[in-house]
Amino acid sequence: MTPVLRAALAAALLLTACRASEPGNTLGTEPAIAPVLTTPDAVDTHSFANPLEARVTHVALDLGIDFDSKRIAGTATLDIDRRPDAKQIILDDNGLELESIVDASGQALQYQVGATNQELGAPLAIALRPDTKRILIRYKSAPNAGSLQWLTPEQTAGKKAPFLFSQGESIQNRTWIPTQDSPGIRQSWEATIRVPAGMTAVMSAPRGREPITQGGESTFSFRMDHSVAPYMIAIGVGDLAFRSLGPRTGVWTEPVMLDRAAAELADTERMVEAAERLYGPYRWGRYDVIVLPPSFPYGGMENPTLTFLTPTFIAGDRSLVGLVAHELAHSWSGNLVTNAVWSDSWLNEGVTSYFENRIMEELYGPARAGQEAALSWADMEAALRELGPNAPGTRLHGDDDPDGGSSGIVYDKGAIFLRTMERIVGRPRWDAWLRSYFDRHAFQPMTSARFLADLRANLVRGDAALEARLELDRWVYRPGVPDNAARPDPAAFAAVDSALARFTAGGPADAAAFAGWNWAERVRFLKGLPRQLPQARLAEIDRAFRLSAGGNAEVLFAWLRLALGNRYAPAVPVAEHFLAQMGRARFVQPLFDTLLHQGDWGRPIAERIYARTRPGYHSVTRERVDRLLRPAS
Ligand SMILES: [Zn+2]
């Protein structure tokens, strides 16, 4: 999978030096072009790019959105930085239909698309003349571009207009943007987007000029002056309305969703303030969110200035807004300081999961944050059970997987590592270090080794006793969980755990207790039940707790996993309805997996439901379920 030229990359020199601060960067700390890291652990095996020979520094898109043909078509103009002797630049391409490639003076440039790798796409090699600094690519995305989901009006909440959204992370943006699609090659960008009149385009960047409508088309423009990893370029187009939530926060969604979404997101401005108190200024200007149609494959995606959210976080009581805290925290860990390669995705997700919990504590108090941390600990334990306590997949610095590996490791073990460091050094000292880490590495790529080097240089500072207590290398590079791990407070779920013990010993389902619990307590109870339960006991809790009635998606999901894992037939229509009405991979994949583990009972049910629901899922979700259903070879 790794082209030969990569060996040469690791040895080559840093191509781009820091330049003067860009205009508008009030903090004055950001170089206009972030360097590409040169150590072997920073070489991205999921990109064909040759950044140390020639790299993209700025992308200017000029694109039309065509819902009829399901294509995005137009031009991408790339500014490049190159070694004087560079003969070519290599971009990532996955299914783009190229029409022409010319330089700034309009002269054609030779290009070649190499062999296609099923996962990565293909290298697009463009020959450079000695003076080539700008490349203009005229192209179309394919109708089946993996990043993009084109929804019919019937698949939206309002049922009036079609909808388009993109999902770039990890390596999907190469299906609609010809650039170097690697998180370690940061690029600023701008876009002019033409959509059918009456529709609204939003992107993960501040708006440029005011939208113009003429000749049946509306034109929107966007400009991101900060350099970002290219997976963070994102678009949404549909019948969208906006409501302000605070001085710099707001929500976009379909008009019929606006009241519910805005009510659920009422704490968003306070979250931004809390995050800033913790770890320094929010550097992206506005923090808006878009609540997408239910097929969005993730809980949320932290696209800069515009978090993309699943509607499944809307529970009616703001109980699942930890998701918003998570995506907001990515404005620091992920968007500001970004994993250079996907095998270090714990630097994005683990640091963010820790930060998320700190925001939740700031807003809602230590009891709620402690419960959510205890659920996270249990998720890590579940991952260790599933993978094996010392399996290679339990390392933070992980495998060569663009999806980053098990979430119980990348998110939960990652967060627990940081919580452990916090407990050992004390919160004030830890917080001072983490804040300074974001400042020192703002708008830069990061690796595990650099993270540890910074921690040693600026926190441990040669204290051998502290170094020994922290066990840094063991946390990051070795499997399993070190003994010094910060365990959750057993009191977090004391009431639930004693109710669990009573029920497991044969006691009745305590409907009154369950009714008084929050979502975390309900999930704790359901996940704490024995995995094998008799039908009568399942029926008893289903009835007493009104589980099949739905409501909170996390509670429903925990119930359905238990019920389907016990072949509890009354849960099948509930599961089918849930699987048909949303496409969030974290719910969809495990539910099909649970059914498939129930052999002759579950497989026909899974196949029947999937035949119906598959067309409505984004490619991210589809590919995960396709892999499950494919017969083992
Ligand atoms: Zn995340």
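Domain bounds here come from an automatic or database domain assignment. On that basis, the protein chain is divided into domain 1 (5-239), domain 2 (337-477) and domain 3 (494-629). The structure is a predicted model: local features need pLDDT of at least 70, side-chain atom pairs count only at pLDDT 80 or more, and totals for chains, interfaces and linings use all residues. Residues are numbered from 1 along each chain as its sequence is written.

The centres of domain 1 and domain 2, taken over C-alpha atoms, are 30 Å apart. Two residues are in contact if their C-beta atoms, placed from the backbone, lie within 7 Å. By this rule, 18 residues of domain 1 touch 14 residues of domain 2. The domain 1 side of this contact holds six nonpolar, eight polar and four charged residues. Here Ala, Val, Leu, Ile, Met, Phe, Trp, Tyr, Cys and Pro count as nonpolar, Asp, Glu, Lys and Arg as charged, and the others, Gly among them, as polar.

Burial is counted from C-beta atoms placed from the backbone: a residue is buried if 20 or more others lie within 10 Å of its own, exposed if 12 or fewer, and partly exposed in between. Helices (H or I, at least four residues) and strands (E, at least two) are DSSP runs, numbered from the N terminus. Ser343 lies in the loop between strand E20 (337-339) and helix H5 (346-364). Ser343 is buried because 23 other C-beta atoms lie within 10 Å. Beyond its neighbours within four places in sequence, Ser343 contacts His397, Gly398, Asp399 and Asp400. Thr305 is 38 residues from Ser343 along the chain, and their C-alpha atoms are separated by 25 Å.

Some backbone geometry stands out. Most residues other than glycine have a negative phi, and most peptide bonds are trans. Phe443 has a positive phi, near 60°. Phe443 sits in the loop between helix H8 (427-440) and strand E21 (444-446). With 23 other C-beta atoms within 10 Å, Phe443 is buried. Arg461 also has a positive phi, of about 50°. Arg461 lies in the loop between helix H9 (448-460) and helix H10 (464-470). Arg461 has 10 C-beta neighbours inside 10 Å, so it counts as exposed. The peptide bond from Glu169 to Ser170 is cis, with omega near 0°. Ser170 belongs to the loop between strand E9 (163-166) and strand E10 (187-196).

Helix H12 (residues 494-504) packs against helix H14 (residues 519-528) at about 30°, with axes 10 Å apart. Axes are lines fitted to C-alpha atoms, for helices over the stretch in contact, and angles run from 0 to 180 degrees between N-to-C directions. Helix H12 contributes Val496, Ala499 and Leu500, while helix H14 contributes Glu521, Arg524, Phe525 and Gly528. Four of these contact residues are nonpolar, one is polar and two are charged.

A nonpolar core is a set of buried Ala, Val, Leu, Ile, Met, Phe, Trp, Tyr and Cys residues joined through C-beta atoms within 7 Å. The largest such core has 177 residues, of which Ile290, Leu328, Ile359, Trp559, Leu560 and Leu591 touch the most other members. Helix H16 (residues 553-564) gives the most to this core, with ten residues. Leaving aside neighbours within four places in sequence, Leu560 contacts Ala571, Val574, Ala575, Phe578 and Leu591.
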